[in-house]
Amino acid sequence: FADDPTTYLLTGALYLGERSDAAIDLLDRAVEDAGRRGRASSELSARFTRGAIRIIGGDLREGLDDLEAAVGLGRLSAAPHHLYAASAGALLVRYSQLVGDSDRAAAVLAHLDEARLVGPHLAIVRLATADHHLHLGAPQLALRDVAGEGSRDDGILAWTFSWRSIAAAASLEIGDHDRAIELNAAELVALEQQQVPVAARIDAVLLSARLAPDAATARSRLDAAVAALATRHRWQRALLHERLAELDVLDGDIDLAGDRLLEVMRVAIDQGIAPLEDRARHALRRIGREPIARSMQVRLRSLTPSESRVASRAFAGKTNRAIAQELFVTVKTVEFHLGRVYRKLGIGSRAELVDRLGELDRFSDSA
């Protein structure tokens with residue numbers, strides 16, 4: 001049941017026991033239970049938890065879809081300041097930035113009103129704000145955010161990003177190398193003590209490699225993290241291999257670097273991580289390797305489930321209002337998703353959407 005704390009205790013135990021498929025199955029039933037009984041607050045909890053596990057488990061697209069739904073349910077819930085509502089918003093900010101959707105991150109932050117939050121809710125929102133400032137290239141603002149009163153209680157988000165990780169990265173950006181090393185080391189110790197899986201500490205590991213005293217130490221840290229990850233942790237492995245490819249180039253092993261970067265590109269396209277895809281393309285060109293082509297079928301795989309639902313209905317000729325009514329969302333949400341679909345598919349209008357997708361079975365069948 002979505003209202004039973006045992007559901008979430010068991011889900012956490014299954015996840016920590018490397019049985020994430022069983023955890024997801026349990027949460028699938030919790031989401032169905034909450035939806036059947038019309039309990040927005042309960043569905044919010046189940047979708048947030050499922051989204052977080054999906055993302056850490058290696059599935060960004062499905063996880064982001066759950067987090068977006070949880071944020072929407074938070075606005076409908078009778079408990080708008082539900083802890084999971086703030087947490088879902090914070091994670092949606094974090095991972096929207098990862099896939100290059102800064103507009104969505106900013107929009108979500110705008111709805112997280114600090115003036116009405118207290119305790120762990122406030123801490124979570126301030127962490128999300130600090131992470132956003134860091135992503136926008138404002139490390140001083142990020143340091144200010146994490147230094148604020150009550151901002152250092154990481155709560156249930158400690159496995160994803162914490163004040164130490166943000167402060168360490170910001171310190172490095174402003175040139176305080178010693179402080180960055182100190183904070184990163186403390187973060188890694190804390191994560192180890194809490195037995196946090198490597199898949200959930202990628203930021204700290206990548207920063208540790210950047211702070212390593214030499215290339216050999218950096219490679220050793222990255223290799224250890226890759227070895228600790230399961231095959232399903234594709235986007236985490238891709239981020240690590242991107243950095244390893246840089247070290248390969250420094251070592252003169254261009255062929256290995258190119259092979260790594262091609263796989264990084266494939267994962268980035270599949271998971272919809274536009275910034276990583278762009279970096280891999282540029283890196284491949286710098287070493288004289290040809291990047292893989294982005295066919296329309298490949299681009300389609302980068303759409304989230306929400307974006308696919310909207311795109312298929314737009315392709316079928318339905319108006320934005322009709323789509324909104326069918327999917328139980330606002331017209332503004334439909335417009336938001338369509339804008340992201342256009343950007344991902346490299347098109348500029350609904351007419352072009354119909355023209356470009358007309359030959360593709362996936363959308364012809366769904367329409």
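The axes are lines fitted to C-alpha atoms over the stretch in contact, with angles from 0 to 180 degrees between N-to-C directions.

Before I continue, please note that this is a predicted model, in which local features need pLDDT of at least 70 and side-chain atom pairs count only at pLDDT 80 or more, while totals for chains, interfaces and linings use all residues. Residues are numbered from 1 along each chain as its sequence is written, and side-chain values use heavy atoms, without hydrogens or water.

Which residues of α11 and α13 meet? From α11 come Ile 202, Val 205, Leu 206 and Ala 209, and from α13 Gln 236, Leu 239, Leu 240 and Arg 243; contact means heavy atoms within 4.5 Å. By class, this contact has six nonpolar residues, one polar and one charged. Ala, Val, Leu, Ile, Met, Phe, Trp, Tyr, Cys and Pro count as nonpolar, Asp, Glu, Lys and Arg as charged, and the others, Gly among them, as polar.

I turn to a second pair. Helix α9 (residues 163-173) and helix α10 (residues 177-193) have axes that come within 8 Å and cross at roughly 160 degrees. The two are therefore roughly antiparallel, the word for angles over 145 degrees. Among the residues that meet are Trp 163, Ala 167 and Leu 172 in α9, and Leu 183, Ala 186 and Ala 190 in α10. Eight nonpolar, four polar and three charged residues form the contact of α9 with α10.

Now to single residues. Is Gly 57 buried or exposed? Its relative accessible area is 11%, so Gly 57 is buried; buried means under 20%, exposed over 50% and partly exposed in between, with a 1.4 Å probe and protein chains only. Gly 57 sits in the loop between α3 (40-56) and α4 (60-76). Beyond its neighbours within four places in sequence, Gly 57 contacts Arg 232 and His 233. Ser 20 is 37 residues away along the chain, with 7.1 Å between its C-alpha atom and that of Gly 57.

Ala 106, in helix α6 (residues 102-111), is partly exposed, at 36% relative accessibility.

Finally, the whole chain. The protein chain has 21 helices and zero strands, and 53% of its 367 residues are buried. Of its contacts with a separation of 6 or more, 61% join residues 24 or more positions apart.

Terms used: Helix = DSSP H or I, 4+ residues; strand = E, 2+ residues; numbered from the N terminus. Parallel < 35°, antiparallel > 145°, perpendicular 65-115°, else oblique.
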